[in-house]
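This report examines how parts of one chain that lie apart in sequence are brought together. The sequence and the coordinates are shown first.

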Amino acid sequence: MLVCCGGGLRVRSWLTFATGLFECLCFAGAVFGWASLVFVLKGDGYFSQLCVNTTSSNGTYTMDCSEQDEKLSLIFTIASFMNNFLTLPNGFLFDRFGTMVTRLLGISIYTTGTMLIAFSNAAVSIVLFPALSCIAVGGILFLVTNMQVGNLFGSRRSTIITLYNGAFDSSSAIFLIIKLLHESGVSLQASFLFLSSCSVIHVLRTFLLMPRKHIPYPLPEDYTYGISCGQKRSYSIEDKSANGGNIQSPVVTEETTLKEGSPSSQSKPVCVPDKSFRSCALSWFFLWHLLWLSVMQLRHYLFIGTLNPMLNRLTAGEPALVSTYTNAFAITQLCGVLCAPWNGLLMDRHKGRARKPGESEREADLRAAILSLALTALQCLLFSVCAATPLLPLQYLTFILQVLNRSFLYGGNAAFISVAFPAAHFGKLYGLVMALSAVVSLLQYPCFALIKGPLGGDPLYVNIALTLLTLLAFIHPAYVYLHCRRQATQRGKTTD
């Protein structure tokens, strides 16, 4: 895997891209296959002591496992919260210490989670709480460190970022594979021991095919990273405010950091003039983007966390039907990696075309993002309407819309932050928006408790409320559109 001369960087870039896609597809987002894993955990008796015998109105005895469902839902609520909330300190860690340190931490956390499940059983069901949270946090660190690979591919940067996010979504099918293996006689413990052993692959990739610090954007000439023969050639670039953002003469130092590769003053991000992290975080762009992400993410998390109880309700508790629909849901998740690049292509569709007079590349990127933001909000509205309809066959369409919207949502989130704000703040801003949206996602547990308690297991009213809430997501694309129109008006006046 030692590539040195001529087209070495190009070959290494494609190897980095391919192995990163494999990592995101097979490991990073496994936690979101929770519905499949719940089926296995129930079969193995996790939290089964919470099930009680009850007498129905006609005098027959039935098993009430609502407390077991609530406990398992709480595990996913905490894991999904940790997945997002800890992205904030992880983003600071990534910006400060670089790729190698962040990845080694992520690998350690992820392996801890898989090992905890590998050595668990029904008697120590409580271990699922830290285990699933570790898998969630380690997985998001894989994604954060891989998204910078898009910087190696210039005009297709957004497409690569959204593709990785789609692969992250599709990796939830890993728990479906574990479910199918479990039904074939392979124990839960053996499956998670195998996942733990795969950490060797992650470590090798960290040292051989990833930079020690960051991959800059735009990519400096003669930039190299990873294993190479001969001396590394990289760039020492002072802060843009001091030197106008021009690349200095090459020197023998660390690989270029993200802030070193920040674009020139011709394509200013939306959080100027002082370009500080604080100005970015307090900008209307960031605040409306946070609302856009939070309301749709809450809708998805509640759907995933309550899928098993919902299917039990719609199938009248028929285990075979629940298993069939659970498998169908997990299989559709595989399509995330196919859906996500379409969003990237939407955002990259203007690349290579002549820009409008006086329009910077960053402004053109923002204009191209409007359609993506609006389409994602529309998808979520349709998905929410289908999920709120208590018709079992319709859930196949709900599954398709859910994976399509989720792949657009997270890919579009990362891509928008990368084009709207300075590269030096990407890790911190991505972490901040994920952390704040995680706080909103905690509402899924009181929603679940409301469904199980006062609403008697009927989620209709909660689903209607969430559907109305998703309408707020349309504010963000409308604001970006108005901003771009104001910019175009100002350019027109300047030209005149």
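The structure is a predicted model. The chain contains 22 helices and 4 strands. Of its 496 residues, 57% are buried. Contacts also reach across the sequence: among those between residues at least 6 apart, 79% join residues at least 24 apart. The accessible surface of the chain amounts to about 19,900 Å², and carbon and sulfur atoms account for 66% of that area.

## The disulfide

How many disulfides does the structure hold? The number is 1. The bond runs between C51 and C65, with an S to S distance of 2.2 Å. The link of C51 and C65 is right-handed, with 120 degrees about the S-S bond. This pair links distant parts of the chain, 14 residues apart: C51 belongs to the loop between α2 (34-43) and β1 (52-55), while C65 belongs to the loop between β2 (61-64) and α3 (66-85).

The cut-off for burial, under 20% relative accessible area, falls between the values of the two partners. C51 has a relative accessible area of 17% and is therefore buried. C65, at 21% relative accessibility, therefore counts as partly exposed. Two further cysteines may be described by their accessibility. C386 is buried, at a relative accessible area of 11%, and C484 also counts as buried, at 13% relative accessibility.

## Helix α3

Does the span of α3 agree or disagree with its number of residues? At 1.5 Å a residue, the 20 residues of α3 should span 28 Å, and the end C-alpha atoms are 28 Å apart, so the two agree. An α-helix has 3.6 residues a turn, so residues three or four places apart point the same way. D69 returns below as a salt-bridge partner.

## Salt bridges

Side chains of opposite charge can pair when their charged atoms come close. The count comes to 7 salt bridges in this model.

| Salt bridge | N to O distance |
|---|---|
| E23 and R205 | 3.3 Å |
| K452 and D69 | 3.8 Å |
| K428 and D95 | 3.1 Å |

The salt bridge of E23 and R205 has its N and O atoms 3.3 Å apart. It links distant parts of the chain, with E23 in helix α1 (residues 8-28) and R205 in helix α10 (residues 199-208), 182 residues apart. E23 is buried at 2% relative accessibility, and R205 is buried at 5%.

In the salt bridge of K452 with D69, the closest N and O atoms are 3.8 Å apart. K452 lies in helix α20 (residues 444-452) and D69 in helix α3, so this pair ties together parts 383 residues apart in sequence. K452 counts as partly exposed at 29% relative accessibility, whereas D69 is buried with a relative accessible area of 10%.

The salt bridge between K428 and D95 has its closest N and O atoms 3.1 Å apart. Because K428 lies in helix α19 (residues 426-441) and D95 in helix α4 (residues 87-97), the pair ties together parts that are 333 residues apart in sequence. Both K428 and D95 are buried. Elsewhere, salt bridges that share partners join E23, R103 and R205 into one network.

## Surface and a further pair

Which residues make the nonpolar surface patch of about 490 Å²? They are L460, Y461, I464, L468 and L471. Of these, L468 is placed in helix α21 (residues 460-469). L468 counts as exposed, with a relative accessibility of 56%.

T112 has its place in helix α5 (residues 99-118). At 39% relative accessibility, T112 counts as partly exposed. The C-alpha atoms of T112 and G138 are 9.2 Å apart in space, while the two residues are 26 residues apart in sequence.

Conventions:
Residues numbered from 1 in each chain as written. Predicted model: local features only at pLDDT ≥ 70, side-chain atom pairs only at ≥ 80, totals over all residues. Heavy atoms only, no water. Disulfide = S-S within 2.5 Å. Helix = DSSP H or I, 4+ residues; strand = E, 2+ residues; numbered from the N terminus. Buried < 20%, exposed > 50% of the residue type's maximum accessible area, 1.4 Å probe, protein only. Expected span 1.5 Å × (residues − 1). Salt bridge = Lys/Arg side-chain N within 4 Å of Asp/Glu carboxyl O. Contact = heavy atoms within 4.5 Å. Areas by Shrake-Rupley, 256 points an atom, 1.4 Å probe, with all protein chains shown as cover. Patch = residues over 30% accessible without salt bridge, like charges linked within 9 Å, V, L, I, M, F, W, Y side chains within 5 Å.
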